[in-house]
Amino acid sequence: MRPGNFIKTVVILTMIFFYLPLFIVVLMSFNSAKSPVWSGFTLTWYIKLFTREYSVWNAFKNSLIVAIISSTIATIIGSVTAVELYWKKTKLESALWFLTYLPFVVPDVIIGISLLLLFSTMKIQLGLFTIILAHITFSIPYTMMVVYSRLQDFDRNIIEAAYDLGSTDLQVFYKVIIPNLLPGIFAAFLLAFTLSIDDFVITFFVAGPGSTTLPIQIYSMIRFGISPTVNAISTFMILGTIFLGLVLRRFIRYVF
Amino acid sequence: MKYAYILWLMILFIIPISIIFIFSFLEPQVYGGVRWSFTLDAYRYLPRYLNLIWRSIWISGIATLITLVVAVPVSFYIAKSRLKNFLLLLTVIPFWTNSLIRIYAWKIVLGNNGIVNQLLGALGVGPIQFLYNPFAVILVIVYTYLPFAILPLYASMEKIDDSILEASLDLGASKSITFMKVLLPNVRTGLLTAFIFVFVPALGSYAIPDLVGGVNSKMIGNEIVRQLMSVRNWPVASAMSNLLTLIALMSIVIVMKRREKS
């Protein structure tokens, strides 16, 4: 059945709906007025962003540190768990799937405040360390799922062949499974990285003074009203996302 | 490593959620914190928030409905299109874009001197206050969660055998009947997943009502944070959180049952 004109119209309107607000943010970042009324082209906000907004750059640095550390750890634990789960049946399987699904549906606010209560009960000082712990926690189920779904297209015969040719468990793991899985592992890392860079709500609760991340910085700027510097930061983030999307096109089907 | 995985989620997920569960049965202390004596006071307090709970449910319900109504034709189109990969990319990019920036974009578009009001002004209408009401919250929830609905629906639509749709058309069903009676029942699992992926997080949303909602469109998430941070009544915040967690738990049980069946 070919989609009719009605469906085509809905698709076109949806794409406009997706992109028009983002386009307007980009446009407004070059607007010389502070309000969203167009009054001429300027690069003032970009110059301001690069020369004066130290707190933005510090927040950006924190975001990168957190994202790199947390997505690396989450990818390692998640991938190896997925391989173990695929390789050998375990009694823990249904408990493990329950644990995996749970963080997907528990709202961010609750994950955030529950971690805040845990850290404050255990007298752990809030800072980059607690943010990293929180980010690993919410990205681990994603990395596990992405790698696991990649494993489902994996041809088991290759493993059998490797065993028949005399490989040990460890050799099968390093020489057969890992190389074949690399695109999936990379996709998992990428997803965890994006989730970490993007997260506002959970980070908001577990960040201490001096450990502001970029989304938290943006949040406090938005709270003060519409600021053209936010438009400039947003433009970078939107273009960065599109660039990443284009470069990593072939990984997207693994991410979902 | 699977033990590391389980242990990690036990310590940093199950235990914290359990702390909330326990705190909801304790007495509050004046400046936050809890006193270790059992009481159901926090739950007795909840009926006062019936309005807020009901509002959160209808706002997320309407937003989910709109999201699904849009996502079904879009995901169908993508699944049948030759430009599949490109269209998927177009869907994933907003999903990857920072969520605060997506909320902020709507503040610029819908603000009192935003683009929409400038256009209306040129037509001699307005300005209309679009922001800080349930309408704005619903709109931004739809915007934020639409990719979450399109992607699982696309996965279901892709698996459908085209010949059953052709058969329905050959046997004389109209396109819309085929859509409703053949296509939709075949993507039930995708629809259910999409529903849960949108409804549950929408119900617990914090940032969206906080930034584009007004006093009459705050949701449970905002009240939980207010009880915890400003009112400093930890047990009440915990009791409200348990309500949301309960809904999340029920939705997982449904999804896991489905998964076993298929």
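Biologist: Which helix gives the largest share of the side of chain B that touches chain A?
Modeller: Helix H1 of chain B, residues 2-23, with 17 residues.

Biologist: And by class, what is on that side of chain B?
Modeller: The side of chain B that touches chain A has 64 nonpolar residues, 14 polar and 9 charged.

Biologist: How many salt bridges between chain B and chain A?
Modeller: The count is 1. Asp210(B) pairs with Arg223(A), and their closest N and O atoms are 3.6 Å apart. That falls under the rule's cut-off, so the pair qualifies: the limit is within 4 Å.

Biologist: What area is buried between the two chains?
Modeller: About 8,500 Å² between chain B and chain A, with carbon and sulfur atoms giving 81% of that.

Biologist: Which three residues supply more than any other three on chain B's side?
Modeller: Tyr5(B), Trp96(B) and Tyr104(B), which supply 11% of the area that chain B buries against chain A.

Biologist: How many residues does the contact take from each chain?
Modeller: Chain B gives 87 residues and chain A gives 87 residues.

Biologist: Switching to confidence, what does chain A average?
Modeller: Chain A has an average pLDDT of 89, and 96% of its residues score at least 70.

Biologist: Which element of chain A has the lowest mean pLDDT?
Modeller: Helix H12 of chain A, residues 252-255, at 55; helix H9 of chain A, residues 201-206, has the highest, 96. Where pLDDT is low, predicted coordinates should not be read in detail.

Key
Residues are numbered from 1 along each chain as its sequence is written. Chains are lettered from A and ligands numbered from 1 in the order in which they are written. This is a predicted model: local features need pLDDT of at least 70, side-chain atom pairs count only at pLDDT 80 or more; totals for chains, interfaces and linings use all residues. Side-chain values use heavy atoms; hydrogens and water are left out. Contact means heavy atoms within 4.5 Å. Buried area is the accessible area (1.4 Å probe) that two parts lose on being put together, summed over both. A salt bridge is a side-chain nitrogen of Lys or Arg within 4 Å of a carboxyl oxygen of Asp or Glu. Helices (H or I, at least four residues) and strands (E, at least two) are DSSP runs, numbered from the N terminus. Ala, Val, Leu, Ile, Met, Phe, Trp, Tyr, Cys and Pro count as nonpolar, Asp, Glu, Lys and Arg as charged, and the others, Gly among them, as polar. pLDDT is the predictor's confidence in each residue, from 0 to 100.
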